[in-house]
Amino acid sequence: MRKEPRAADPYVRFSSFMATRCMTKQFVPFVCLNCGEKLLLHTSPKLYCSVGCSQEAELVRYVRRCIKDGRIKRPDVLEAIQIRLAHVVAGGYQKQERHIPPDVRQTVIVREKGRCRICGQPGTEIDHIEGSSIRLENLQLLCDTCHNKKTRTNIVEVRAGDEGYATIKAKHDQFWERAEARHPMRICDDEENWTGLWHMLLAECRQALNKKTGSRGS
Ligand SMILES: [Zn+2]
Ligand SMILES: [Zn+2]
């Protein structure tokens, strides 16, 4: 079900705007913009099949902007991208964030007096010390730098011959191909026009949804 990338077509020679116009026409509702899988549940208008797909597309657009304005050459930017990419390849990084309710978050911040537990700088991230339990004793406040350092040590480097290497390499290759493509390969990769584009796509999606369910109207 994976869509073939379009940028390889030799006759795709439009400006970015024209390419976007063309791609909008090719928009198919109820298909994930990022992976091309059919969306099974469509009770509400959705553009992606999963949080992981939405995050991957967001990261593609972010990296495309970083490549354009040169930020990609900064080691700290590249490191942050690699960490996010490792999470995306593992199926999305929502697992870390999503289970901490705001009041628990606030309790941790107050308990740590707003400081990173490792270096004492102002804290920005609630970190699970181990695993995913949100018991207060498993949570700590860290600053960005310390959190990145910790996350980095949790990332396992996968080498040729390791289990899952081919799959992970393919996902990385596919990601960088999209990030480095001259013109956006998918609608959701269009870093220049996305802000206006997603409204349009969501509206189209809503329309298609109404058409499906409209006959049942009151
Ligand atoms: Zn998807
Ligand atoms: Zn710190």
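Visitor: Where is the place of F30, and why is F30 called partly exposed?

Guide: F30 lies in the loop between α1 (16-25) and α2, where helices (H or I, at least four residues) and strands (E, at least two) are DSSP runs numbered from the N terminus. A residue is buried if 20 or more other C-beta atoms lie within 10 Å of its own, exposed if 12 or fewer, and partly exposed in between, with C-beta atoms placed from the backbone. F30 has 17 other C-beta atoms within 10 Å, and therefore counts as partly exposed. Please keep in mind that this is a predicted model, in which local features need pLDDT of at least 70 and side-chain atom pairs count only at pLDDT 80 or more, while totals for chains, interfaces and linings use all residues. Residues are numbered from 1 along each chain as its sequence is written, and chains are lettered from A and ligands numbered from 1 in the order in which they are written.

Visitor: What is noted about the phi of F30, and where is K113, which also has a positive phi?

Guide: Most residues other than glycine have a negative phi. F30, although not a glycine, has a positive phi of about 65°, and K113, also not a glycine, has one of about 55°. K113 sits in the loop between α5 (102-111) and β1, and counts as exposed because it has 9 C-beta neighbours inside 10 Å.

Visitor: How do you know whether L59 is buried or partly exposed?

Guide: L59, which belongs to helix α2, has 19 other C-beta atoms within 10 Å and is therefore partly exposed. Not counting residues up to four places away in sequence, L59 touches R84, L85 and V88, where contact means that the C-beta atoms, placed from the backbone, lie within 7 Å.

Visitor: What makes a group of residues a nonpolar core, and which residues have the most contacts inside the largest one?

Guide: A nonpolar core is a set of buried Ala, Val, Leu, Ile, Met, Phe, Trp, Tyr and Cys residues joined through C-beta atoms within 7 Å. The largest has 13 residues, and C32, L33, Y48, C53 and A57 have the most contacts inside it. Helix α2 (residues 51-69) gives the largest share of this core, four residues. A second, separate core of six residues includes C116, I126, L139 and L142.

Visitor: How do you know that β1 and β2 pair, and which residues cover the faces of β2?

Guide: Two strands pair if DSSP finds at least two bridges between them, and strand β1 (residues 125-128) has four bridges with β2, in the antiparallel sense. I126 stands opposite L141 in β2. In strand β2 (residues 139-142), L139 and L141 on one side and Q140 and L142 on the other are all buried.

Visitor: Why are the buried residues of α6 said to line one face of the helix?

Guide: The buried residues of helix α6 (residues 144-154) are C146, H147 and T151. Down the axis of α6 they fall within an arc of 135°, so they line one face; the arc is that of the directions from the helix axis to the C-beta atoms. These buried residues pack against α3 (75-89), β1 and β2.

Visitor: What is the average confidence of the predictor in the protein chain?

Guide: The pLDDT, the predictor's confidence in each residue from 0 to 100, averages 82, and 82% of the residues score at least 70. Over residues 1-18, however, the pLDDT is below 50.

Methods: Contact = placed C-beta atoms within 7 Å.
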